[in-house]
Amino acid sequence: MLVKAQERDSLSFQVINSGGEPLPAAIAHNRDYTIKATSDLSGNIHIPKPDGSDTLYIASMGYYEVQYATPDLIKRSSVTLQPLMQDLEVVEVIGRTDLTERMIPYQVQRLAESEISFQQSPNAADALAATPGVFVQKSQMGGGSPIIRGFEANRVLLVLDGVRMNNIIYRSGHLQNAITVDAQGLEQLEVIFGPGSLMYGSDALGGVVHFRTKSPKVGVEAGTLDLNTSMRYASASRQKTAHVDFGIGGKKLGYWGSATYSSFGDLRTGKRYSDKYPQFGKRLFYIDTEGTVDRVLENDETNLQIG
């Protein structure tokens, strides 16, 4: 009898979320609750067809309630509910195991992909310099040695996707390995303050800088392509940078690759100087090598930091 009644007088539709996923346990009812039905595991609702003047209210926990007049609902095969709240993205710190930030017994500072992209830093060391609490030593343009709480070089561990870039047997002076990382290819940059030896080993006495590259997309429709390009020009150093990264994903496999080309000239300082120190910062002489002999030459453009 129930099947025959549904064939003649039932109203059927599916309740889904904004992502197209079915919503089980959603409720549909009229104003006085004389008609009430709950969706099954597939989000399908079957209810007796109410009078044409009735209005049905459809709701699910965590979603905004919607209402439809019966004539409109008959024409629909599905009803979409919008989320009442947004889920917060879980922040993970990659260590020997993936841990959430609140589970790490240290202060953690991170730069997300959007912040790194907005800064358009010439290299990863300059991106790191924008992180509060980190000082980057640069005695020349090809440098970038992070200093955390007074520790540097072999006392600050540099990690790229869990792989060490240095260790305790490296030199104790300034270490420039950070500039070898492509800043435009980073998904996240994490700085762990304080001794991270418990999680990373004795190399992490002063702290840890963890570079996390973008991940390929897996579990998507086969052939899904993600392409990003950028170009940058800086007049002070005549820097020219071109970057491209691309990824292709499928149900079980994914690939992501990145390529960046950068060209730098000599850094040019400003022309305005303090009256008290009119020669401060000027490059009056520079050293050039001819064969095996070093020569001191006069710099015709004193604002150009040759070498």
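Predicted model: local features only at pLDDT ≥ 70, side-chain atom pairs only at ≥ 80, totals over all residues.

Modeller: For a pocket, look at the lining and at what sits by the centre. Here the largest pocket has 26 lining residues, and Pro122, Asn123, Asp126, Gln239 and Phe264 are the ones nearest its centre. Two or more lining residues come from each of α4, β18, β19 (239-249) and β20 (254-263).

Biologist: How much space lies in the largest pocket, and how does its lining divide by class?

Modeller: The space comes to about 420 Å³. As for the lining, twelve residues are polar, ten are nonpolar and four are charged.

Biologist: And how many cavities of 30 Å³ or more does a search of the whole structure find?

Modeller: A cavity differs from a pocket in that the probe fits inside but cannot get out. The search gives one of that size, and the space within the largest cavity is about 30 Å³. Its lining is made up of Pro146, Ala153, Val156, Leu158, Asn166 and Leu175. By class, that is five nonpolar residues and one polar, with no charged residue.

Biologist: Now the cores. Which residues have the most contacts inside the largest nonpolar core?

Modeller: With a core, find the residues with the most contacts, then ask which elements supply them. The largest nonpolar core holds 21 residues, and the most contacts inside it belong to Leu128, Val134, Ile148, Leu189, Val191, Val209 and Phe211. At least two of its residues come from each of α4 (124-129), β11 (134-137), β14 (156-160), β16 (186-193) and β17 (207-213). A separate second core has 15 residues, among them Val15, Ile45, Val79 and Leu81.

Biologist: Which residues is Leu128 in contact with, leaving aside its neighbours within four places in sequence?

Modeller: Leu128 meets Val134, Val136, Pro146, Leu189, Val191 and Val209.

Biologist: What does the side chain of Lys214 join in a polar contact, and which residues does Lys214 touch?

Modeller: Its side chain makes a polar contact of 3.2 Å with the side chain of Asp245. Not counting residues up to four places away in sequence, Lys214 touches Glu113, Gln184, Gly185, Leu186, Glu187, Asn228, Asp245 and Trp256.

Note on methods. Residues numbered from 1 in each chain as written. Heavy atoms only, no water. Core = buried A, V, L, I, M, F, W, Y, C linked by side-chain atoms within 4.5 Å. Buried < 20%, exposed > 50% of the residue type's maximum accessible area, 1.4 Å probe, protein only. Helix = DSSP H or I, 4+ residues; strand = E, 2+ residues; numbered from the N terminus. Contact = heavy atoms within 4.5 Å. 1 Å grid on protein atoms, 1.4 Å probe; cavity = no way out; pocket = protein on both sides within 12 Å on 5 of 7 lines; lining within 4 Å. Points joined across faces, edges and corners; volume = space filled by probe spheres on them. Nonpolar A, V, L, I, M, F, W, Y, C, P; charged D, E, K, R; others polar. Polar contact = N/O pair within 3.5 Å; in protein donor to acceptor, adjacent residues only side chain to side chain.
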